[in-house]
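Welcome to my notebook. I wrote down what I looked up, one entry at a time, so that you can follow along.

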Amino acid sequence: MAKSVLHRIERGMPTFSKGQKRIGEYILKNSDKAAFMTASKLGKLSGVSESTVVRFASELGYDGYPGMQRALQEIIRSRLTSTQRIQAA
């Protein structure tokens, strides 16, 4: 599941709308930041509306933005070493 969100974005890029491509590019370049952003903040930073972000998550197969966000957070957690987890806490 964790690998799938970034993989789904990369695989879907050719078929995404202009706005969805903006979101996808932002997430691929900034997944560590995007994982902890609200849909509104992600939309603002990628130049699209909050509703476009929510529809993007649905397009990727998630029930909504929180599901996609959890998948991104799992990727970040799996990258952190034990020391980094302690420092982050």
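**Entry 1: helix 2 and helix 4.** The axes of helix 2 (residues 18-29) and helix 4 cross at roughly 100° and come within 9 Å. Axes here are lines fitted to C-alpha atoms, for helices over the stretch in contact, and angles run from 0 to 180 degrees between N-to-C directions. Helices are DSSP runs of H or I with at least four residues, numbered from the N terminus.

I noted the basis too: this is a predicted model, where local features need pLDDT of at least 70 and side-chain atom pairs count only at pLDDT 80 or more, while totals for chains, interfaces and linings use all residues. Residues are numbered from 1 along each chain as its sequence is written, and side-chain values use heavy atoms, with hydrogens and water left out.

Which residues meet here? From helix 2 I found R22, I23, Y26 and I27, and from helix 4 L42, L45 and S46 (contact means heavy atoms within 4.5 Å). I sorted the residues of this contact into five nonpolar, one polar and one charged. For that sorting, Ala, Val, Leu, Ile, Met, Phe, Trp, Tyr, Cys and Pro count as nonpolar, Asp, Glu, Lys and Arg as charged, and the others, Gly among them, as polar.

**Entry 2: S46.** Is S46 buried or exposed? S46 counts as buried, because its relative accessibility is 9% (buried is under 20% relative accessible area, exposed over 50%, partly exposed in between, with a 1.4 Å probe and protein chains only). Setting aside neighbours within four places in sequence, I found S46 in contact with R22, I23 and Y26.

**Entry 3: helix 4 and helix 5.** Next I followed helix 4 (residues 39-46) to helix 5 (residues 50-59): their axes come within 8 Å and cross at roughly 105°. That makes these two helices, helix 4 and helix 5, roughly perpendicular. A39, S40, L42 and G43 of helix 4 meet E50, V53 and V54 of helix 5. By class, I have four nonpolar, two polar and one charged residues in this contact.

**Entry 4: helix 2 and helix 5.** I then checked helix 2 against helix 5, which pack at about 80° with axes 10 Å apart. Helix 2 and helix 5 are therefore roughly perpendicular to each other. G19, Q20, I23, G24 and I27 of helix 2 make the contact with T52, V53, F56 and E59 of helix 5. I counted four nonpolar, four polar and one charged among the residues of this contact.

Entry 5: How many salt bridges are in the whole structure? My search found one (a side-chain nitrogen of Lys or Arg within 4 Å of a carboxyl oxygen of Asp or Glu). R77 forms a salt bridge with E74, and the closest N and O atoms are 3.0 Å apart. Both R77 and E74 lie in helix 6, three residues apart, about one turn of the helix. R77 is partly exposed at 40% relative accessibility, and E74 is partly exposed at 34%. The buried residues of helix 6 include Y65, M68, L72 and I76.

**Entry 6: H7.** Last, I looked up H7, which is found in helix 1 (residues 2-12). H7 is partly exposed, at 35% relative accessible area.

How values were computed:
Angles under 35 degrees count as roughly parallel, over 145 as roughly antiparallel, 65 to 115 as roughly perpendicular and the rest as oblique.
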